[in-house]
Amino acid sequence: MSEEFLRLFSAYTADPDSIGRKLGRAVAERSRSDPLIVATATDIALYPGDGKPPTVEGFRISTRGFKELTAVSHLGPAVASLVRLRALGEESWREAAERLLAEVKATRAANSPELWGERIAVEAYRGREHEIAAMVDQACAATTRYLTTVLEDEEYLTPETLRRDYLVDGVNSMMVATFFLVSMDISFRITRWFIERDVAWEQAMVVIAGRQGRPTAGVTWNTSSVATMILAASRGRLPLDRVYMAPHAPTFSTVKDGDLTEVIALEDDLRTLWCGTRATVELGAVMFDGYPSYAPGGLTLPDVSDPGVTEVSEMPAIHSADDMRALVTRLRIVLEDPRQLLSSCVTDFAAACLAAAGNDPTQVVVPGLNTP
């Protein structure tokens, strides 16, 4: 290696006191008062700026109802996986089916409106407890019927019977409804949390940090459920070019017992990350004024209302809460498109419906629950 070339390389980028680092620090210094929002896979931290202490809102695994609804929504892919195991010649499918059947029966016995209203008690689901319990009961009943049949006659365990006799027996609509309910609840709580903090969205610095789901997914704003919900919570005030997806950014652990030590310790690093990225972005206008500039735009969603449409490369547009063709197509897309988070199936639709209802969940029509 040439020492001279290495020193030249270090002058701009590879040295703690390089020109690039100086510029990043200068941008960061001028952004000290701007609110910084950092979202991990499970929590959102709001750093108000000027050294004020952050606040954190958990929005996924640690919250009420998430695991219960997720457990039920997994019935569809769980039974489909049994079909695949048998097709691959794996005899383990039978033992797995027996275990799943036992758990489904136990869940059905435990399910009730009182469970959802008094023990799980999710605020965003208030008034829907009977509907949710009925939906869960129907899904468990359909699963019990199908598994009982295949355990008696394994030749029945095929993709054709899965689709014809099981998924259309309320399971497709249940999967749509459970995804929607979870997204609506999270969006409701995040939006209220931000409203209470009166965020200056036009100046907000947003980092979606770390891994959000499966390794290949959620690395763009339009495939990240949390980015979608933050944008919806801002009611259009957050500029899209201030949202940075940073899958390799440092993250904090879920806060326990109110201990914010780890969250506070990461603020400088995360502000530096955002501002360093911004500094490079702003060089574009300095260097190439007069050439077309980059402008982040909205995503054009394909329309699958035409039965002749057999392939899509993005999530299809949803025309209404009873647009089951588009909604079930999305169930397929989140499985087949490795860019998508499974949880993003209907997040954008749920967040938009909630925003249109003024963040009032009681005014939202839940597809698959309130519709056929």
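How far apart in helix α11 are Arg-278 and Glu-282, in residues and in helical turns? They are four residues apart, and therefore separated by about one helical turn. Point 6 returns to this pair.

1. Basis of the note. This is a predicted model, in which local features need pLDDT of at least 70 and side-chain atom pairs count only at pLDDT 80 or more, while totals for chains, interfaces and linings use all residues. Residues are numbered from 1 along each chain as its sequence is written, and side-chain values use heavy atoms, with hydrogens and water left out. Helices (H or I, at least four residues) and strands (E, at least two) are DSSP runs, numbered from the N terminus.

2. The sheet. Five strands form an open sheet in the order β3-β2-β1-β4-β5, with mixed pairing; two strands pair if DSSP finds at least two bridges between them. β3 and β5 (243-246) stand at the edges with a single partner strand each, so one side of each is left without a neighbour in the sheet. From one strand to the next the twist averages 15°. Helix α11 (residues 267-288) packs on the sheet and touches β1, β2, β4 (205-209) and β5. Contact here means heavy atoms within 4.5 Å. The direction of α11 makes about 110° with that of β4. Axes are lines fitted to C-alpha atoms, for helices over the stretch in contact, and angles run from 0 to 180 degrees between N-to-C directions.

3. Strand β2 and its partners. Strands of a sheet pair through backbone hydrogen bonds, either parallel or antiparallel. Strand β1 (residues 36-39) pairs with β2 in the antiparallel sense over four bridges, and a hairpin of three residues joins β1 to β2. Within this pairing, Val-38 stands opposite Ala-45 and Ala-39 stands opposite Ile-44. Strand β3 (residues 55-58) also pairs with β2 in the antiparallel sense, over four bridges, and Gly-58 of β3 stands opposite Asp-43. Strand β2 (residues 43-47) is mostly covered, with five of its five residues buried. Buried means under 20% relative accessible area, exposed over 50%, and partly exposed in between (1.4 Å probe, protein chains only). Asp-43, Ala-45 and Tyr-47 point one way from β2, whereas Ile-44 and Leu-46 point the other way.

4. Helices α8 and α12. The axes of α8 (residues 159-197) and α12 (residues 324-336) come within 10 Å and cross at roughly 80°. That makes α8 roughly perpendicular to α12; angles under 35 degrees count as roughly parallel, over 145 as roughly antiparallel, 65 to 115 as roughly perpendicular and the rest as oblique. On the α8 side the contact is made by Asn-172, Ser-173, Met-175, Val-176 and Phe-179, and on the α12 side by Met-324, Leu-327, Val-328 and Leu-331. These residues divide into seven nonpolar, two polar and no charged. Ala, Val, Leu, Ile, Met, Phe, Trp, Tyr, Cys and Pro count as nonpolar, Asp, Glu, Lys and Arg as charged, and the others, Gly among them, as polar.

5. Ala-121 has a phi near 50°, a positive value in a residue other than glycine. Ala-121 is found in the loop between α6 (113-120) and α7 (129-152) and counts as partly exposed at 37% relative accessibility. Arg-235, likewise not a glycine, has a positive phi near 55°. Arg-235 lies in the loop between α9 (225-233) and β5 and is partly exposed at 38% relative accessibility.

6. Salt bridges. With a salt bridge taken as a side-chain nitrogen of Lys or Arg within 4 Å of a carboxyl oxygen of Asp or Glu, the count comes to 22. Arg-278 forms a salt bridge with Glu-282, the closest N and O atoms being 3.8 Å apart. Arg-278 is buried, at 12% relative accessibility, whereas Glu-282 is partly exposed, at 43%. In helix α12, Glu-336 and Arg-332 are four residues apart, and therefore about one helical turn. Their side chains meet in a salt bridge (2.8 Å, N to O), and both Glu-336 and Arg-332 are exposed.

7. Other salt bridges. The side chains of Arg-164 and Asp-165 meet in a salt bridge (2.9 Å, N to O). Arg-164 is exposed, with a relative accessible area of 52%, and Asp-165 is partly exposed, at 27%. A network of salt bridges links Arg-86, Arg-94, Glu-154 and Glu-155.
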